[in-house]
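The following note collects points for a colleague who is reading the model alongside its sequence. Each point may be checked against the coordinates.

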Amino acid sequence: TRTTKRPRRYDAGVADLVRVVWESLDYVCAERLTPVLLPTARHLAQFGELRLTPDLESLLAQISRATVQRLLTRFRQDTPRLPRRGPEQANRVAKAIPLERLAWDLAQPGSFEVDLVHHCGEVPAGEYVHTLQLVDGATGWSERVAVLGRSQRALEEGFRRILARLPFPIRHLHPDNGSEFLNAHLVRFWGEQITGLTVSRSRPYRKNDNPRVEQKNDTLVRAYLGHQRLETPAQCAALNALYDQMWTYYNLFQPVLHLVAKERDGSRLRRRWDEAMTPYQRLLQTDVLTTEQQVRLASHDAQTNPRQLRREIYQALAHLWAQALPERAVVPAPRTRSAHPSSSRKEVKAASLPRAR
C-alpha cells in the first residue's frame, strides 16, 4: 500500500486557467473542452483575460480528459449559472420531394438540416416570432435567424440573411414536412438562389431524421429563450442581434463532437466520437473556403475575445427579456446543463422555463 501521498501535479493555477476557459466556452463538457484548452487559453491571454506562463502552457498541453472531468465536477459545485433562458396531408410539392435522412458520416460541408422553432407561448395564434435554424451535417456549423411570422416573404428574407453570411455554399437542404418549407414559392426561391441544390425531407413524425438541428433547437434556442411568446418587430430585431453574436461564438469558439463510427456489439450499438473541434476548425480542414474567406474568418477569430463575447450575449439576452417581459424585474429562471457525470458525452435536456401566464 502507498505510504506517502502522491504530490499534486496540477495546482490551483492550472485549475484557475481551466475554470476561465470553461466559463468562456459556456461550460462545455470535458470531451469538448480538453482538446481546445491550450489554444483557447493562448487566445484569451492576448486579451488579458488570464496570465499564461511557459510552465502553465506545458501543463495544459499534457492534462488528460479525466483530470479535466474531475476539475469540472468540482467547479460545478460552486459555479453560479448566468440566466438563460392532427396529421397533415402532404401537399403536391412535398410529394415530389424524396423522403430520406442525411448520412451520419458526411465529409463534405454544405448539407443542412433545417427547422423552424415557434416562439408563440402557450397559444399558437396570431403572428409571432420564429427561429429559422440550419445545421451543417459535416462540420456542425449552425445558422440562426429570427423571422416575424412564417409567410413566404418572411422565410425568404430569413434565407437571404443566412445566404449573405454563410461562408460556404449550400448543396443540400433537408427540412421536415412543414408546409412553410415545402411550398411552390419557397422551392422556386431555393432553385433560383442556390445553384445545383438538392432538396429532401424527413419522414413524418420521425424527429430522428433531423437529429442535428433538433439538438440545436434545444441547446441553442430553447435553452436561451424557453417558451415565452415573442411577437413584436422590436423583439424580432433584438433576437437577431443576439443571434449575430451567437453566430461568432458557437461557430468559431465552441468545440463540437462528430460521430465517426458505429459498431454493432450483439444487440447493442456502440458509437465512437472524434476529438472535439470548433465548426470553424472543421471547415478549415476542407477545401470549400476561398482564400479571401479564410483570411476574413481568421481575422474575425483573432480579433474576438470569446470571454467578452459571452458577456455580451447574456447582456443581449437580458435586453431581449426586458422587451418581452416589461412587467417583470427579473429574467426567467435558466435552463442549465446537468451536472451528472453521464452528461459529459452530450448536452443534456433540462427542465424548460416557466410558460407565460
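1. Strands β6 (residues 259–265) and β7 (residues 268–273) run antiparallel and are joined by 6 bridges. Two strands pair here if DSSP finds at least two bridges between them. Helices (H or I, at least four residues) and strands (E, at least two) are DSSP runs, numbered from the N terminus. K262 has R271 of β7 as its bridge partner. The two strands form a hairpin with 2 residues between them, and G266 in the turn has a positive phi of about 65°.

2. Basis of the model. This is a predicted model, in which local features need pLDDT of at least 70 and side-chain atom pairs count only at pLDDT 80 or more, while totals for chains, interfaces and linings use all residues. Residues are numbered from 1 along each chain as its sequence is written, and side-chain values use heavy atoms, with hydrogens and water left out.

3. Confidence. pLDDT is the predictor's confidence in each residue, from 0 to 100. The protein chain averages 86, and 85% of the residues score at least 70. Over residues 86–90 the pLDDT stays under 50, and the model has 4 contacts for them beyond four places in sequence; a contact means heavy atoms within 4.5 Å. Residues 336–357 also have a pLDDT below 50, and this stretch has 43 contacts in the model beyond near neighbours in sequence. Where pLDDT is low, the predicted coordinates should not be read in detail.

4. A salt bridge places a side-chain nitrogen of Lys or Arg within 4 Å of a carboxyl oxygen of Asp or Glu. The side chains of E263 and R272 meet in such a bridge, at 3.0 Å from N to O. E263 is partly exposed because its relative accessible area is 37%, and R272 counts as partly exposed at 43%. The classes are buried (under 20% relative accessible area), exposed (over 50%) and partly exposed in between, with a 1.4 Å probe and protein chains only.

5. Other salt bridges. A search of the whole structure finds 19 salt bridges. One of them joins R203 and D209, with 2.7 Å from N to O. R203 is partly exposed at 35% relative accessibility, whereas D209 is buried, with a relative accessible area of 1%.

6. Helix α7. The 14 residues of α7 should span 20 Å at 1.5 Å a residue, and the end C-alpha atoms are 20 Å apart, so the two values agree. The expected span is 1.5 Å times one less than the number of residues. Buried residues of α7 are A154, L155, E156, G158, F159 and I162. They pack against β1 (111–119), β2, β3, β4 and α8.

7. E156 and R160 meet through their side chains at 3.9 Å, N to O. These residues are separated by about one helical turn because they lie 4 residues apart in the helix. E156 counts as buried at 15% relative accessibility, while R160 is partly exposed, with 42%.

8. Aromatic pairs. The whole structure holds 8 aromatic pairs. Rings of Phe, Tyr and Trp (its six-membered ring) pair if their centres lie within 6.5 Å; planes under 30 degrees apart count as stacked, over 60 as edge-to-face and the rest as tilted. W141 and F168 are edge-to-face because their planes stand at 85°, with the ring centres 6.0 Å apart. This pair links distant parts of the chain, 27 residues apart: W141 lies in the loop between β2 (129–136) and β3 (142–148), and F168 in the loop between α7 (152–165) and β4 (172–174). Both W141 and F168 are buried.

9. F159 is buried at 2% relative accessibility, and W190 is buried at 1%. F112, W141, F168 and W247 form one aromatic cluster.

10. G196. This residue lies in the loop between α8 and β5 (198–199). G196 counts as exposed at 65% relative accessibility. Its C-alpha atom is 6.7 Å from that of R171, although G196 and R171 are 25 residues apart along the chain.
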